[in-house]
Amino acid sequence: MIGGLDNEVVWLENPLPSGKDPYQSPWTLHTIGTAPSHDVVVADMDGDGKTDVIANGGVLFQNGPDSWVLVGRPLIDRNAEGTMVGNIVGDSVPDIIAPDARHRLVWFENPRHRRGDPRTQAWTPHVIAVGFERMAIAVADLNHDGRLDVMMAPMYHEGGLVWLENPPDPRHGNWVRHEIDSSINFVHQGSLQVADFNGDGNLDIAFAEQEQSLTRRVGVFYSNDREGQAWTLQVLARTGGHNIKVGRIGRDTRPSILNANHGFFGVPNPLEVWHNLGPAMKEIQRR
């Protein structure tokens with residue numbers, strides 16, 4: 001899935017299922033629709049077995065590979081950049097975590113939780129925290145209590161990295177704020193990536209500060225306990241990054257990091273691979 005260019009969302013069809021080499025054969029371009037789409041994530045939001053696309057402008061529900069319906073305002077009254085999907089209630093139905101029109105970090109409750117239709121009924125916003133107009137967001141169970149928590153950092157401001165603890169009743173309870181680092185800033189929407197980088201069973205957070213920041217750090221916050229209360233920072237570089245991604249690369253046995261600057265402010269922007277070579281923090285290296 002690709003979004004952002006002139007607010008057009010598209011998908012590229014992998015030729016492998018038709019027996020063609022994806023490295024040598026062209027990928028067919030399919031247009032999904034037009035919607036604000038700085039962020040693009042995917043999930044089956046209406047439970048019909050088809051993958052839908054969630055972007056800044058709302059949800060593009062799939063009727064078929066080339067038939068899509070956009071549901072946005074007023075049913076989903078969200079705003080600006082920062083988009084993530086997760087099952088906040090704990091019943092397998094995915095919700096949207098994003099800024100609302102009042103610049104609050106909220107989770108928009110999927111009407112399916114109450115047997116409603118997410119294509120035709122309003123998505124109720126529940127406040128997680130007061131945030132910024134644009135936010136970097138990640139979702140994971142940091143404290144091992146079985147509930148999804150939310151990590152947040154400002155995208156184009158100074159403000160720090162925090163995680164918000166999901167209460168037993170996420171509809172009516174207060175989300176507890178835990179500070180990880182007060183100095184982190186200018187983190188792109190995609191530059192909060194959660195994974196167990198050192199293999200200790202706790203989830204860590206990779207990040208990259210954009211090139212317009214003063215510090216331009218690329219690094220990993222390692223969780224030192226199962227409650228998410230103590231963190232150790234490893235700075236991998238001070239050259240900046242934009243929209244980092246995490247996954248196993250080549251023969252890596254642990255998650256590694258893909259990173260590049262956007263280059264808009266003149267900073268070099270080659271694609272970097274930070275290979276995670278083992279459990280010791282010092283062994284994450286750039287190649």
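H103 lies in the loop between β8 (95-99) and β9 (104-109); strands here are DSSP runs of E with at least two residues, helices are runs of H or I with at least four, and both are numbered from the N terminus. This is a predicted model, in which local features need pLDDT of at least 70 and side-chain atom pairs count only at pLDDT 80 or more, while totals for chains, interfaces and linings use all residues. Residues are numbered from 1 along each chain as its sequence is written, and side-chain values use heavy atoms, with hydrogens and water left out.

Most residues other than glycine have a negative phi. H103 is not a glycine, yet its phi is positive, at about 65°. Its relative accessibility is 32%, so H103 counts as partly exposed (buried means under 20% relative accessible area, exposed over 50%, and partly exposed in between, with a 1.4 Å probe and protein chains only). H144 is also not a glycine and has a positive phi, of about 60°. H144 is placed in the loop between β11 (135-140) and β12 (149-154). With 29% relative accessibility, H144 counts as partly exposed.

## A cis peptide bond

Most peptide bonds are trans. The bond that joins R73 and P74 is cis, with omega at about 5°. P74 is found in the loop between β6 (67-71) and β7 (84-86).

## The chain as a whole

The chain has 22 strands and zero helices. For 287 residues, a compact globule would have a radius of gyration near 19 Å, and the value for the chain, 19 Å, agrees with this. The radius is taken over C-alpha atoms, and the globule rule is 2.2 Å times the number of residues to the power 0.38. Along its principal axes, the C-alpha trace spans about 55 × 50 × 35 Å.

Of the 287 residues, 51% count as buried. The accessible surface of the chain comes to about 13,400 Å², and 50% of it belongs to carbon and sulfur atoms; these areas come from the Shrake-Rupley method with a 1.4 Å probe, and for residues only the protein chains shown count as cover. Among contacts between residues at least 6 apart in sequence, 42% join residues at least 24 apart, where contact means heavy atoms within 4.5 Å.

The chain carries 25 positive and 36 negative side chains, and the centres of the two sets lie 2 Å apart. Lys and Arg count as positive and Asp and Glu as negative, while His and the chain ends are not counted. The place of a charge is taken as NZ of Lys, CZ of Arg, CG of Asp or CD of Glu.

## Aromatic pairs

A pair of aromatic rings is described by the distance of the centres and the angle of the planes. A search of the whole structure finds two such pairs. Rings of Phe, Tyr and Trp (its six-membered ring) pair if their centres lie within 6.5 Å; planes under 30 degrees apart count as stacked, over 60 as edge-to-face and the rest as tilted.

F207 and F221 form a stacked pair, 5.1 Å centre to centre with 25° between the planes. F207 lies in strand β16 (residues 204-209) and F221 in strand β17 (residues 218-223), so the pair ties together parts that are 14 residues apart in sequence. F207 counts as buried at 0% relative accessibility, and F221 counts as buried at 2%. The rings of F264 and F265 have centres 5.3 Å apart and planes at 85°, so this pair is edge-to-face. Both F264 and F265 are exposed.

## Three further loop residues

R114 lies in the loop between β9 and β10 (124-130) and is exposed, with a relative accessible area of 58%. Not counting residues up to four places away in sequence, R114 touches E109 and R171. The C-alpha atoms of R114 and N224 are 38 Å apart, and the two residues are 110 residues apart along the chain.

Y156 is placed in the loop between β12 and β13 (161-165). Its relative accessible area is 30%, so Y156 is partly exposed. Leaving aside neighbours within four places in sequence, Y156 is in contact with H38, E81, R134, F186, H188, Q210 and Q212. Y156 and Q210 are 54 residues apart along the chain, and their C-alpha atoms are separated by 8.8 Å.

S37 lies in the loop between β2 (28-34) and β3 (40-43) and is buried, with a relative accessible area of 1%. S37 and I257 are 220 residues apart in sequence and 24 Å apart in space, C-alpha to C-alpha.
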